[in-house]
Amino acid sequence: MLIYSLQTLSVWELARKIGYLEGAQEHAMFPEHYKWMMGEMSKRLPSYTGEYPIWLWVKKPDMRSSAHFIGGTKCVRLTLELDDKDVLISDFDRWHLVLNNGFCSDNEQEDENFDNGKLNITKEESWERIFDLTRNVDVEWTGNGEWLQGTTGRIYLDKVKKVEHFITRKSKLY
């Protein structure tokens, strides 16, 4: 599968020096949630060996957007060719329910039922729904699943098919 990763130039230069790209604990923006994702990767990816995740995009990210890095950051967009069995795909929007320690409901009624203690599913069990991309959900409640992200462990440089250099735009103040 072709998939994309955004990295700072310094991370890419380190990868070129050591021969692979790998996530790092010091870059984990949400350490406890990254550990949860790593546990899911361990359960779902047969070749995963416990590295911090590298975040991926299924669709090619538009680098004209200012949302990926702080403005003025030197970065690269990597086009990667990875085996499907080495990438854990999840719904980007619903991942934010995990980050915000929320219940991952399929619709408003289910959310109310959870809040009222009427469901036999824990909040943490609901998080696994971010990986079920065919789940029947109310898209007005959950979003349409347009943005899919992926995670993987170590990526060797022979999997990198293209490197595009960018300097991110400065954000406009509102």
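A residue is called buried here when its relative accessible area is under 20%, exposed when that value is over 50%, and partly exposed in between. With that in hand, let's walk through this predicted model, starting from the inside. Trp127 has a relative accessible area of 5%, so this residue counts as buried. You will find Trp127 in helix α5, which covers residues 123-127. Follow the chain back 90 residues from Trp127 and you come to Met37; the C-alpha atoms of the two are 10.0 Å apart in space.

Now let's turn to the charged side chains. The structure holds 15 salt bridges. One of them pairs Lys60 with Glu164, with the closest N and O atoms 4.0 Å apart. Lys60 sits in the loop between β3 (54-57) and β4 (74-81), while Glu164 belongs to strand β8 (residues 160-167), so this pair ties together parts that are 104 residues apart in sequence. The two partners also have their own surroundings. Lys60 has a relative accessible area of 39%, so it is partly exposed, whereas Glu164, at 15%, counts as buried because values under 20% fall in that class.

Another salt bridge joins the side chains of Lys85 and Asp86, at 3.6 Å from N to O. Here Lys85 is partly exposed at 42% relative accessible area, and Asp86 is partly exposed at 22%.

Which residues make up the network of salt bridges? The members are Arg94, Asp106, Glu110, Arg129, Asp132 and Arg135. Within this group, Arg135 forms a salt bridge with Asp132, and their closest N and O atoms are 3.8 Å apart. Arg135 has 29% relative accessibility and counts as partly exposed; Asp132, at 34%, is partly exposed as well.

Next, take a look at the backbone. Asn101 has a positive phi of about 60°, although this residue is not a glycine. Asn101 is located in the loop between α3 and α4. Its relative accessibility is 41%, so Asn101 counts as partly exposed.

Glu108, Glu112, Asp115, Asp138 and Glu140 form a negative surface patch. Which helix gives the most to the negative patch? Helix α4 (residues 108-115) does, with three residues. Glu140, another member of the patch, is found in helix α6, which spans residues 139-142. With a relative accessibility of 79%, Glu140 counts as exposed, because the cut-off for that class is over 50%.

How values were computed: Residues numbered from 1 in each chain as written. Predicted model: local features only at pLDDT ≥ 70, side-chain atom pairs only at ≥ 80, totals over all residues. Heavy atoms only, no water. Patch = residues over 30% accessible without salt bridge, like charges linked within 9 Å, V, L, I, M, F, W, Y side chains within 5 Å. Areas by Shrake-Rupley, 256 points an atom, 1.4 Å probe, with all protein chains shown as cover. Lys, Arg positive; Asp, Glu negative; His and termini not counted. Charge placed at Lys NZ, Arg CZ, Asp CG, Glu CD. Helix = DSSP H or I, 4+ residues; strand = E, 2+ residues; numbered from the N terminus. Buried < 20%, exposed > 50% of the residue type's maximum accessible area, 1.4 Å probe, protein only.
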